[in-house]
Amino acid sequence: MKKYKEYMDSVKAPDTLHRRLRELKAPKKKPASWTRYGSMAAALALVCGLGGFLAWTGDVNSRTSPIPSYPIGHQESAAEITDASQPDIAIVEPGDVTEPGEKTLGGYDVTGGGVTAHYILPYIEYGDTYGAAETVMDWDIPAGAVKRELTRDEIAALMGGEDAVDTHLDWGGYELTGWAAWYEDGSFWGAYLYGCRGPLDHFEFAVTAGQLPPTCVAYANSVTQEIRGLTVTADGYDGKGGCGRRISFMKDDYGYRFDLTATDTEQAELLVSRLVRRVADKGLELSAVGAAQADGSYTCSVCGRTVQEGAEHVHSNTFIGVGEPCYEDGGASTEPYDPAASGEICGLPLADDPIWRETRAPSPPAQCQSEPPTLRVLCSEGSADGRSSNYEWTYTDTARGEGGSVIACGLHPLDYRDAPSLTTADETVRLNFLDLPDRVSVVCWPDSQWGNTSAASQAAQAGHGEHAYDLTLNEGGWVYEISAQWDDLGRAAYVFHLTKT
Amino acid sequence: MDHSNRLENLVNKHEHTLYRAALAILGDPQDAEDAVQETYLRYLEKRPELRDSDHEKAWLLKVTANRCKSILRTRRRHPAVELLDVYPAPDTDCRELMEAILALPANQRAAVHLHYYEGYTSEEIGAILGQRPGTVRSHLSRARDALRRYLTEGEEGE
């Protein structure tokens, strides 16, 4: 890399930049929040004045079909629109600007049956994304989950129908794609939608059961606020070419995240506000997306290919980078997998581990597998198997003429609430790998820190035995991340929730 | 020292470092200038208390890397101006190496620059880029695979 150093040494910041930097002035402080609403108040005065003028001039609609008055948080319906009887005068009241959750961005009108309903859009305050960003986790669909693409109609149905998509969400100009995934038992895991109407105008919308949808980055300066009964976390950035706005919240035990990139900041904030308002009031029609394909096939969560039930699906050179969509630059095999012949795939013997042989079906040797081996944790009370979702792995499959490297970035251990769990009175548990790693290290967090991905970890002791490692447990419930290193194959991290009574 | 003097001092001390890092990550001189300018603007806004020169440099690099991320996030195009057109490589070997580096994903380019040029460890790079050291190591490892023919044996390890 000497040439790289020499090249970079020759690069100097241009004089134009130097001059720009020297002329920089500290930005003025942001105006007090109430001043931002001066123009809104002026607009309100104008609207009220205009409304009064229309009433005075005898506008027929204003008397026979007045716009209804809906408090913030109100859930609209066609019937309510028709039955509306109160004038809409509550866009901005003096009290509206005192609490973040009560501020508004104005609203929008929907006309139907000769009646116009006005929907108030909540104001959202965004933290900036300039501060420390922390990589927290990546999409990692649980083992055994089934995933499939959603049609445009299903996406519309999920969001509450075409009317909701076009009128309430204002997604009409976006090309919509997405997928949904279900746990093995058929229960809903989550859905991900992508809307695009240009290179700088696109969004991601995700919903997951029981937790916030995974994200790669968490910003320290996010603002958390109460909006329409929801605790909404928001952040954003403003660049020269556009802006980004991101919000997340939980509602009815479902987590939502909306991440929008747009060229127009005002439009972006309106779109986010519309989404929050809609989901807060109506939620989603999760039943509209059905389930996995009837023939048992599923769509691979990495490459998107349809895989038949029972078929092994192997990736070559698959790389899931943090903060990047996954992509594949190698081939994939959907050939049926034959466990009986697995020991012969590479002509190598199975690992010589008595416990393994007694308790598990034969598996291909580690160097033939496209992902790290399962780790079994054994104690007097039983055992638990864990698969790694955070690994770098190199494998060779001479029978198929395939091989490659795989990098997978999984959940942060403290977000991995489905981690295999054991409760034991033992002082130590046995860490039993199919293929014994060269090194093992373990860190842990008290389980009181579930969800707190910034919590500091502690080292735990893992002693090297002849065929396995022994982990010394702490008192109480702890989340353990066991990192194994195979010199020739790669590394893998496993997460277990272990409780010593 | 007042803030304008402090800014001037910081500009003189770190502008080339930040510009090179931004250039390495973004591959576009104009975007790199913007990232550096926004970094210093951020400094003026935050006025952080920085312990020493190393801390100062790491803080500024971290903000620069974040600004680059934001630029990359909004940029869905190839760099408007090719780096090698603005700063031509002195010879064919160097040009090939630079082309290979510029072909890497941005997070790998960032790790390569901070490690091979700035001399940071994977832990330090992790702190700057907001990534786990293991992730940085994997970026470096993949970058090394892609650049293997340009690396001499002694330079391969961390």
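## Exercises on a predicted two-chain model

Of the 501 residues in chain A, 37% are buried (20 or more other C-beta atoms within 10 Å of the residue's own; exposed means 12 or fewer, partly exposed in between; C-beta atoms are placed from the backbone). This is a predicted model: local features need pLDDT of at least 70, side-chain atom pairs count only at pLDDT 80 or more, and totals for chains, interfaces and linings use all residues. Residues are numbered from 1 along each chain as its sequence is written, and chains are lettered from A and ligands numbered from 1 in the order in which they are written.

**Exercise 1. Determine how far chain A can be trusted, using pLDDT.**

Step 1. Take the average. Chain A has a mean pLDDT of 66 (the predictor's confidence in each residue, from 0 to 100). Residues scoring at least 70 make up 56%.

Step 2. Residues 130-138 of chain A have pLDDT below 50, with 39 contacts beyond near neighbours in sequence (contact: C-beta atoms, placed from the backbone, within 7 Å). Residues 309-365 of chain A also fall below 50, with 95 such contacts in the model.

Step 3. Apply the rule. Where pLDDT is low, predicted coordinates should not be read in detail.

**Exercise 2. Describe how helix 6 and helix 8 of chain B meet.**

Step 1. Read the geometry. The axes of helix 6 (residues 106-117) and helix 8 (residues 133-147) of chain B come within 9 Å and cross at roughly 95° (axes are lines fitted to C-alpha atoms over the stretch in contact; angles run from 0 to 180 degrees between N-to-C directions).

Step 2. Classify. The two helices of chain B are therefore roughly perpendicular (65 to 115 degrees; under 35 is roughly parallel, over 145 roughly antiparallel, the rest oblique).

Step 3. Name residues. Helix 6 of chain B contributes B:Asn107, B:Gln108, B:Ala111, B:Val112 and B:His115. Their partners in helix 8 of chain B include B:His139 and B:Arg142.

Methods
Helices (H or I, at least four residues) and strands (E, at least two) are DSSP runs, numbered from the N terminus. Two residues are in contact if their C-beta atoms, placed from the backbone, lie within 7 Å.
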